[in-house]
Each structure stands twice: as structure tokens, then as C-alpha cells.
Amino acid sequence: MILRHVKAAKAANLGVLFLIELGALGAVAYWGFTRDVATPLNWLPGLGAPAVLVVLWALFGSQKASYKTRGAVRVGFELLWFGAGVAALFAAGAAGWAIAFAAVIAVSKTLAVVWRQ
């Protein structure tokens, strides 16, 4: 019975890992669109910042990345990548959301390491 619950928790954590990846993209987009710039120009950071993160993830973070990262380099990459989402929320004035997002990231990534996900 406990094994079934652990399997379910591991599966749920895989879902959370995917959602925090999307959350980081959404956070930098939110920051970009809430910048105090002229209307046509706020599209640049609103679309450009997530595009930069997508390219970085494709190059270094995804399962099919061109340049696989492992060990300390992987940890550093993910700290910067997810940290960009947290920092974007802080910069957009959403400190409470930034703290909550950072907590979810920390718990989910810790479980992923423990469970070798």
C-alpha cells in the first residue's frame, strides 16, 4: 500500500517539475508585459525573455539538449534558470508569488534528486 502511494507521489512530482518549468516561462513573460514602457515596446521583453529561456532550456536543460549538463553544472544551470522566474516575479512586484514559487521549486527539485527523477 505504501509503495503505491510513493509511486503516485513520484508521478505527481514529475507533473510538478513540468509545471514549474512552465511557471518560470510564465513568470518572465509576466515581468516583461508589466514593464513600464511604451505599449508596442512591452511586447519585446514580454515575448523575448521567455524565448531566451526556451532556447537555453533546449540547449542545456531538456532531455534532448544539444549540450547535456550534469552534476554541479546542471545544478548551477537550473538555479539560474528557475531563479530567473523567481527574480522576474520579484521584479514585477509579486513578492508573495515569488516566495511561493521558490518554495515549490525547492521542494520539487529536492524530491527529484532524492527520487532520481
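Before I start, contact here means heavy atoms within 4.5 Å, and helices are DSSP runs (H or I, at least four residues), numbered from the N terminus. What we are looking at is a predicted model, in which local features need pLDDT of at least 70, side-chain atom pairs count only at pLDDT 80 or more, and totals for chains, interfaces and linings use all residues. Residues are numbered from 1 along each chain as its sequence is written, and side-chain values use heavy atoms, with hydrogens and water left out.

Let me begin with helix α1, which has 32 residues.

Now to the largest pocket, where a pocket is an open set of points on a 1 Å grid over the protein atoms alone, where a 1.4 Å probe fits, with protein on both sides within 12 Å along at least five of seven lines, and lining residues have an atom within 4 Å of a point. Which helix gives the largest share of its lining? That is α3, with 8 residues, while α1, α2, α3 and α4 each supply at least two. Of the 28 lining residues, those closest to the pocket's centre are Arg-74, Glu-78, Lys-109, Ala-112 and Gln-117.

Finally, consider Glu-78, which lies in α3 and counts as buried because its relative accessibility is 12%. Leaving aside residues up to four places away in sequence, Glu-78 touches Trp-57, Gly-83 and Lys-109.

Key. Buried < 20%, exposed > 50% of the residue type's maximum accessible area, 1.4 Å probe, protein only. Expected span 1.5 Å × (residues − 1).
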